[in-house]
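Student: I would like to go through this model with you, one question at a time. Could we begin once the structure is on the screen?

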Amino acid sequence: MKIHEYQAKAILARYGVTTPRGEVAFSKEEAREGAHRLKSPIVVVKAQIHAGGRGKGGGVKLAHSPDEAAEIASRMLGMNLVTFQTGPGGRIVKRLLIEEGLDIKRELYLSLLVDRQSARVIFMASAAGGVEIEEVAKKDPNAILKETIHPSVGLQPYQARKLAFGLGLSGEAANHAAPFFQALYRAFVDTDASMLEINPCVLTGDGRLVALDAKMTFDDNGLFRHTDLRGLRDLDEEDPLEVEASKYGLNYIKLDGNVACMVNGAGLAMATMDIIKYAGGSPANFLDVGGGASAEQVKNAFRILLSDPAVKAVFINIFGGILRCDVLATGVVAAAKDLQVKIPVVVRMEGTNVEQGQQILRDSGLNFTIANGMKDGAQKVVSLAGGAR
C-alpha cells in the first residue's frame with residue numbers, strides 16, 4: 001500500500017525525523033489559509049499523487065504570498081499531472097501539500113528497502129540527491145552507499161556514522177545524521193514498510209538534516225497490525241479494477257495488453273505472461289486467484305477481467321491442486337453465463353479433477369476453447385485476440 005508524501009512525513013515526524021512545517025489543502029482557500037499560518041517568506045505548493053517526478057511535470061511550485069499560493073492551488077487542483085512514473089495517462093491532482101520554504105545547502109538521497117538477496121533491510125544513501133536514483137546507479141554505481149542491517153540489532157551507530165562520513169557530512173551535521181538515520185530505520189521497521197525513500201533529504205544553511213520529500217510503501221501482509229495505516233489508503237490513486245479485486249482477496253495488476261490472464265500462483269502467472277509474449281501477444285493483466293480460491297472468487301475474478309475494455313480474449317491457465325479443476329470450471333461457467341461473455345475464452349487445466357473440469361466446460365453449451373498445454377493455449381488465445389501485435 002502506498003501513501004501520500006504529507007502522510008509519510010507525519011509518520012516520520014512521530015519518530016523524530018525532522019520534516020518541514022506544512023499543511024494539506026483540498027481547495028484554493030485551504031491553500032491560502034495554510035500558507036498564511038506558515039508565515040514563511042516562500043511556501044512550496046506540492047501536488048499529492050502516488051508518483052515521483054512531480055516537479056518536472058509542473059506539480060511543485062513556489063509561492064511568495066498566501067494569495068499566490070491560492071492562485072497556484074486553483075490551477076493545480078484538478079490538473080492531470082503526467083510524470084515518468086504515472087505514464088501517459090497521468091493522475092488527477094485532488095490534494096496539495098502547502099509547505100514552508102527552506103534554505104537548502106545540499107541535497108542527499110536516503111532510502112530503506114528489503115533486500116531479497118541478503119534477506120535483510122538495506123540502507124542506501126547517495127550524495128546525488130534530488131534526481132532519480134536509477135540514473136545515479138547507471139552513471140556511477142559507486143556513488144551509492146549501502147549498509148545491510150542485521151534484524152536482531154538494527155542500524156548500529158557505527159553504520160550510521162559510516163553513511164554520514166560517506167556522504168561528506170562533518171561537524172554538527174555528521175553528529176545529527178546518526179540519530180536521523182536511526183529514526184528512519186525505526187519508522188521503517190515499526191510500520192512494516194517495504195520501502196522508505198527520502199529524495200531529497202536536505203542539509204539546510206543552519207546545519208539541519210530535513211526530509212524534504214518522503215515516500216513510503218507498506219507490506220500489505222502486515223497491515224492487520226496497523227489499523228491507523230489502513231485508513232491512509234487513497235483509493236483515487238489506485239486503478240479501479242485493482243481496488244475491486246482487492247475486495248475479494250485477488251492479486252490483480254492491470255497492464256496494457258489485450259489478452260486477459262487468470263492463473264493460480266504467482267510463478268505460474270509470470271510464466272503465463274511470458275508465454276503470451278513469446279506467442280506474439282500482450283497480457284492485459286497479472287491475476288493470481290490463489291491456491292485455495294472458491295467458485296465465487298473465480299466468478300469475481302472473471303468479472304473483473306472482462307471489465308477491462310481492452311481485453312479481446314481470456315486465457316485461463318490453472319494447475320489444480322488445492323483449487324480443483326472442477327471448482328474452477330464451475331465458477332468460470334457461472335460467470336460466463338451471468339456476464340453473457342462475447343469474447344473468446346481459452347482454458348488450459350492440469351491437475352486434480354482435470355477430466356471433470358474439462359467436461360463441465362464442454363457441457364456448458366458455451367464457446368470455450370480447451371488447450372492442450374501452455375504453449376498451445378498461448379498460441380490459440382493470441383490468435384483469437386487478433387494475432388501477434
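Student: Which helix lies across β2, β3 and β6, and at about what angle does it run to β3?
Tutor: This is a predicted model, in which local features need pLDDT of at least 70 and side-chain atom pairs count only at pLDDT 80 or more, while totals for chains, interfaces and linings use all residues. Residues are numbered from 1 along each chain as its sequence is written, and side-chain values use heavy atoms, with hydrogens and water left out. Helices (H or I, at least four residues) and strands (E, at least two) are DSSP runs numbered from the N terminus, and angles run from 0 to 180 degrees between N-to-C directions of axes, which are lines fitted to C-alpha atoms, for helices over the stretch in contact. The helix lying across β2 (43-47), β3 and β6 is α3 (residues 66-76), and its angle to β3 is about 160°.

Student: Why is one side of β1 and of β3 left without a neighbour in the sheet?
Tutor: The open sheet has four strands in the order β1-β6-β2-β3, with antiparallel pairing, where two strands pair if DSSP finds at least two bridges between them. From one strand to the next, the twist averages 20°. One side of β1 (22-25) and of β3 (60-63) lacks a neighbour because both stand at the edges, each with a single partner strand.

Student: What is the bridge partner of Ala 25 in β6?
Tutor: Strand β6 (residues 96-100) runs antiparallel to β1, and four bridges join the two. Within β6, the partner of Ala 25 is Leu 96.

Student: What is the handedness of the crossing of α11 and α12?
Tutor: The axes of α11 (residues 325-339) and α12 (residues 354-363) come within 7 Å and cross at roughly 15°. That makes α11 roughly parallel to α12, since angles under 35 degrees count as roughly parallel, over 145 as roughly antiparallel, 65 to 115 as roughly perpendicular and the rest as oblique. A crossing is left-handed if the near helix is turned anticlockwise from the far one by less than a right angle, and right-handed if clockwise; for α11 and α12 it is right-handed.

Student: How do the residues of the contact of α5 with α6 divide into nonpolar, polar and charged?
Tutor: The axes of α5 (residues 157-166) and α6 come within 8 Å and cross at roughly 125°, so that α5 and α6 are oblique to each other. In the contact (heavy atoms within 4.5 Å), Pro 157, Ala 160, Leu 163, Ala 164 and Phe 165 of α5 meet Ala 174, Ala 177, Ala 178, Phe 181 and Gln 182 of α6. With Ala, Val, Leu, Ile, Met, Phe, Trp, Tyr, Cys and Pro counted as nonpolar, Asp, Glu, Lys and Arg as charged, and the others, Gly among them, as polar, the residues divide into nine nonpolar, one polar and no charged.

Student: How many residues apart are Phe 123 and Phe 181?
Tutor: Rings of Phe, Tyr and Trp (its six-membered ring) pair if their centres lie within 6.5 Å, and planes under 30 degrees apart count as stacked, over 60 as edge-to-face and the rest as tilted. Phe 123 and Phe 181 form a tilted pair, at 5.3 Å centre to centre and 55° between the planes. The pair links strand β8 (residues 120-126), which holds Phe 123, with helix α6 (residues 171-190), which holds Phe 181, and the two are 58 residues apart.

Student: Which residue is joined to Asn 199 by a cis peptide bond?
Tutor: The omega of this bond is about 10°.
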